[in-house]
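Open the structure in your viewer and keep the selection tool at hand. Each stop below says what to select and what is there.

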Amino acid sequence: MKRLTAIALALIMTAAVSCEGGKSGKGDSGNDGGNGSGSEEFPEIEVTFMDVGKADCMVIRSGETTAVIDCGEKDDGKDLVKFLQKQDVKTVDKLIITHYDKDHVGGAAKLIELMDVRSVIGPDYNEKSDEFEKFRSAMRAKGIGLKCLREDMEFELGGANYRVYAPERSYYGPDDENDFSLVVRLDYHDTSMIFAADAMEQRLSEVMDIGSCDLLKVPYHGRKIANLDSFLDEVSPEYAVVSTSEKEYSSNTRKLLEEHGAEVFTTFDDGDITAVTNGCTVSVSTSD
């Protein structure tokens, strides 16, 4: 049976809400996308965490706009396109590839080949892999440039404010590509979500002051990270989503999330996971 947890789950795609305050974020610009503004009608934003095994793929839809964060592995690209087409999405306004490991960039080439992708954002480093080369080749074929972030970037899309945190170093050590991960914060009136990609110890240290959130996409597929406890102290999520396989999910991470009072959802248990915000509250539902 479909599992629903929520403070308030809207039954239509527009809800009248009135809320005050809101979660604070690192470098808060005061944009109304991250602050309450009295009694108004706020369109809902829907975030789908696709069940792609030990990989990341998230679709964020608000009205006529769509953002995608990561695309899973190579074979997940077709499933992502099918999902978008089923939702009648014709254009991806923003594609954010958090880093270039195959379980994040793998399906991107297929998405770019088969859909209208307007803008692509990624970290500023190169990866030697077939998946990365196909990703770059697909962009060249479509005449799309890759915006490689060397500093934080902020933009508004679908009424929400996005802040993308760029890695602060040009080198983290051998085989430490995960620490190049872009970390994304989404603020929508009084609600917020943080997508922590595969950030590990060094990268989490750089974003400790990112601010609290309603929902956290747990970093590094729920594997053990030494300073995750400190990070959870700072972000204090009500909900935690782990995109992972059962094998990758650390019992230490599971325990930490429970100790911090987060309601936890995992793609290997729950299938596709959907979070909805109406600007005042966040609700979470699952496909299983």
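Predicted model: local features only at pLDDT ≥ 70, side-chain atom pairs only at ≥ 80, totals over all residues.

**Stop 1: the whole chain**

Zoom out and colour by secondary structure. The protein chain has eight helices and 20 strands. Now colour by burial. Of the 288 residues in the chain, 59% are buried. Next, think about contacts between residues at least 6 apart in sequence. Among these, 63% join residues at least 24 apart.

**Stop 2: the largest nonpolar core**

Go back to L111. L111 belongs to the largest nonpolar core, which has 33 residues. Now show the elements around them. Strands β5 (57-62) and β6 (65-71) each supply at least two residues of this core. So do helices α1 (76-86), α3 (108-114) and α4 (130-142). In soluble globular proteins, nonpolar side chains tend to be buried together.

Then look for the other core. A second, separate core holds 32 residues. Select I69, I96, F155 and Y188, which are among its members.

**Stop 3**

Select A108, in helix α3. Is A108 buried or exposed? A108 is buried, because its relative accessible area is 0%, and the cut-off for buried is under 20%. Not counting residues up to four places away in sequence, A108 touches C71, I97 and F135. Draw a distance from the C-alpha atom of A108 to that of V81. The separation is 9.9 Å, for two residues 27 apart along the chain.

Move to D79, in helix α1. D79 is partly exposed, with a relative accessible area of 39%. Draw another C-alpha distance, this time from D79 to M50. The two atoms are 9.3 Å apart, and the residues are 29 apart along the chain.

**Stop 3: two packed helices**

Two packed helices are described by the angle between their axes and the distance between the axes. Select helix α6 (residues 228-235) and helix α7 (residues 251-259). They pack at an angle of about 25°, and their axes are 10 Å apart. That angle makes α6 roughly parallel to α7, since angles under 35 degrees count as roughly parallel. The crossing of the two helices is right-handed.

Which residues make the contact? Show side chains for L228, D229 and L232 on α6, and for T253, L256 and L257 on α7. By class, the contact of α6 with α7 has four nonpolar residues, one polar and one charged.

**Stop 5**

Most residues other than glycine have a negative phi.

Start with A197, in the loop between β15 (191-195) and α5 (201-206). A197 is not a glycine, yet its phi is positive, near 50°. A197 is buried, with a relative accessible area of 1%.

Finish at S236. Where does S236 lie? S236 is in the loop between α6 and β17 (239-242). Its phi is about 45°, positive although S236 is not a glycine. S236 is partly exposed, with a relative accessible area of 41%.

How values were computed
Residues numbered from 1 in each chain as written. Heavy atoms only, no water. Axes fitted to C-alpha atoms, helices over the stretch in contact; angles between N-to-C directions. Helix = DSSP H or I, 4+ residues; strand = E, 2+ residues; numbered from the N terminus. Parallel < 35°, antiparallel > 145°, perpendicular 65-115°, else oblique. Left-handed = near helix turned anticlockwise from the far one by under 90°. Contact = heavy atoms within 4.5 Å. Nonpolar A, V, L, I, M, F, W, Y, C, P; charged D, E, K, R; others polar. Core = buried A, V, L, I, M, F, W, Y, C linked by side-chain atoms within 4.5 Å. Buried < 20%, exposed > 50% of the residue type's maximum accessible area, 1.4 Å probe, protein only.
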